[in-house]
Amino acid sequence: IDCAIALGDAIRQRRLTPDQWQSLRASLPDALRRTSTSADSELRVRLSILRALLGDADAQADVGELFRSTTADSQLRLESLRTLIAAGDSSVFAPVEHILASRMQPRAFRSSVLEALATTRDSQVADILVTHWDVFEPDLKPKAVEVLTQRSTWSTALLTAIEAEQV
């Protein structure tokens, strides 16, 4: 399990050389799929995360389900979010929007979701944060501003929203 966690971190943080990345993408998904059917539940989750990072659509769907689960451990949900962002799965933004817009989710969790958004370059992030600005508690607004100022297109959206008095 520790090896799967370490490899997942290396992939998400882009610490692999292009050759290492290509080698993993070519050889690992089938082996992970075969192993995951006989693994215990924690290892199965870790292998699904690795498969999702390597582009396996079925695994991305499973990891997305884990992220949306309100009964799963919050750290595992956040890891699932980071995995989907690193895999370039844009379908993650609909549940992100729902989570950020809902005060039913714990504030600490929503804060961590905001931080995770900073790792993507997707233009949807600016729209989501500006649209739901009024829902954010006062302590979440500076985090949203911090995220919005990390990409030039997001900064432009923030300035436009400020000019329009939406923020």
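How many salt bridges does the structure hold? The structure holds nine salt bridges (a side-chain nitrogen of Lys or Arg within 4 Å of a carboxyl oxygen of Asp or Glu). This is a predicted model, in which local features need pLDDT of at least 70 and side-chain atom pairs count only at pLDDT 80 or more, while totals for chains, interfaces and linings use all residues. Residues are numbered from 1 along each chain as its sequence is written, and side-chain values use heavy atoms, with hydrogens and water left out.

**Largest pocket**

- The largest pocket holds about 310 Å³ of space; a pocket is an open set of points on a 1 Å grid over the protein atoms alone, where a 1.4 Å probe fits, with protein on both sides within 12 Å along at least five of seven lines.
- The pocket is lined by 18 residues, of which Arg12, Arg82, Ile85, Ala86 and Thr119 are the closest to its centre; lining residues have an atom within 4 Å of a point.
- Helices H1 (2-12) and H5 (74-86) each supply at least two lining residues, and H5 gives the most, with five; helices are DSSP runs (H or I, at least four residues) numbered from the N terminus.
- By residue class, the lining comprises five nonpolar, five polar and eight charged residues.

- Arginine 12 belongs to helix H1 and is buried at 15% relative accessibility; buried means under 20% relative accessible area, exposed over 50%, and partly exposed in between (1.4 Å probe, protein chains only).
- A salt bridge of 2.7 Å, N to O, joins the side chains of aspartate 9 and arginine 12.
- About one helical turn separates aspartate 9 from arginine 12, because they are three residues apart in helix H1.
- Aspartate 9 is partly exposed, at 27% relative accessibility.
- Not counting residues up to four places away in sequence, arginine 12 touches Ile49, Leu53, Glu79, Arg82, Thr83 and Ala86; contact means heavy atoms within 4.5 Å.

**Salt bridges of arginine 107**

- Arginine 107 forms a salt bridge with glutamate 137, with the closest N and O atoms 3.7 Å apart.
- Arginine 107 lies in helix H7 and glutamate 137 in the loop between H8 and H9, so this pair ties together parts 30 residues apart in sequence.
- Glutamate 137 is buried at 7% relative accessible area, whereas arginine 107 is partly exposed at 42% relative accessibility.
- Arginine 107 also meets aspartate 139 in a salt bridge (3.4 Å, N to O).
- Through shared partners, salt bridges join Arg103, Arg107, Arg110, Glu137 and Asp139 into one network.

How values were computed
Points joined across faces, edges and corners; volume = space filled by probe spheres on them. Nonpolar A, V, L, I, M, F, W, Y, C, P; charged D, E, K, R; others polar.
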